[in-house]
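This report describes one protein chain, from its overall layout to single residues. Please keep the sequence and the model in view while reading.

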Amino acid sequence: LSIRRQRQMCKETAPENLINQLKDDGKLLIPIGNKDEQMLTLYIKNNDTFKKIQIEKLKFVPLVGNGGW
């Protein structure tokens, strides 16, 4: 995919490099979605599994860098 096309695609999960940094019982609160609408999402690591809790729709400024838009 081109970089332009990748930026148009919706981010449906947290970037893997962030999730991999979580320790047991670690939490990651992150906006998931496209540049027009996101869902505030909480990931909780328990052993080798993750629980995903969608909290609320919202709009954040664009993410930059690897894993951003």
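A residue counts as buried under 20% relative accessible area, as exposed over 50%, and as partly exposed in between. By that rule Glu37, with a relative accessible area of 43%, is partly exposed. The model is predicted.

## Layout of the chain

The chain contains two helices and three strands. Along the sequence these elements follow the pattern α-α-β-β-β. Of the 69 residues in the chain, 28% are buried. The chain exposes about 5500 Å², and carbon and sulfur atoms supply 49% of that area. Among contacts between residues at least 6 apart in sequence, 22% join residues at least 24 apart.

The three strands form an open sheet in the order 1-2-3, with antiparallel pairing. Strand 1 and strand 3 stand at the edges with a single partner strand each, so one side of each lacks a neighbour in the sheet. From one strand to the next, the twist averages 25°.

The antiparallel pair of strand 1 and strand 2 is joined by seven bridges, and a hairpin of four residues connects the two strands. Strand 2 and strand 3, also antiparallel, are joined by nine bridges. On one side, Ile30 stands opposite Thr41; in strand 3, the bridge partner of Thr41 is Gln54.

Strand 1 is mostly covered, as five of its seven residues are buried. Gly33 belongs to strand 1. Its relative accessible area is 6%, under the limit of 20%, so Gly33 is buried.

## The nonpolar core

Which residues make up the largest nonpolar core? There are seven: Ala14, Ile19, Leu22, Leu28, Ile30, Ile32 and Tyr43. Strand 1, residues 27-33, gives the most to this core, with three residues. In soluble globular proteins, nonpolar side chains tend to be buried together.

Leaving out residues up to four places away in sequence, Leu22 touches Lys27, Leu28, Tyr43, Lys45 and Phe50.

## The salt bridge

The structure holds one salt bridge. The side chains of Glu37 and Lys57 form it, at 3.9 Å from N to O. This pair links distant parts of the chain: Glu37 is in the loop between strand 1 and strand 2, Lys57 is in strand 3, and the two are 20 residues apart. Lys57 has a relative accessibility of 55%, which is over 50%, and therefore counts as exposed.

## Pairs far apart in sequence

Two pairs of residues, given in the table, can be located in the model by their C-alpha atoms.

| Pair | Separation in sequence | C-alpha to C-alpha distance |
|---|---|---|
| Lys51 and Lys27 | 24 residues | 9.5 Å |
| Gly33 and Lys57 | 24 residues | 9.4 Å |

Lys51 lies in strand 3. Is Lys51 buried or exposed? Lys51 is exposed, because its relative accessible area of 53% is over 50%. Not counting residues up to four places away in sequence, Lys51 touches Leu42, Tyr43 and Ile44.

Gly33 is buried, whereas Lys57 is exposed.

## Positive phi in the loops

Where do residues other than glycine take a positive phi? One is Asp25, with phi near 65°. Asp25 sits in the loop between helix 2, residues 16-19, and strand 1. Asp25 is exposed, because its relative accessible area of 54% is over 50%.

Another is Asn47, which is not a glycine but has a positive phi of about 60°. Asn47 is placed in the loop between strand 2, residues 38-46, and strand 3, residues 49-58.

Terms used. Residues numbered from 1 in each chain as written. Predicted model: local features only at pLDDT ≥ 70, side-chain atom pairs only at ≥ 80, totals over all residues. Heavy atoms only, no water. Core = buried A, V, L, I, M, F, W, Y, C linked by side-chain atoms within 4.5 Å. Buried < 20%, exposed > 50% of the residue type's maximum accessible area, 1.4 Å probe, protein only. Contact = heavy atoms within 4.5 Å. Areas by Shrake-Rupley, 256 points an atom, 1.4 Å probe, with all protein chains shown as cover. Pairing = 2+ DSSP bridges. Axes fitted to C-alpha atoms, helices over the stretch in contact; angles between N-to-C directions. Salt bridge = Lys/Arg side-chain N within 4 Å of Asp/Glu carboxyl O.
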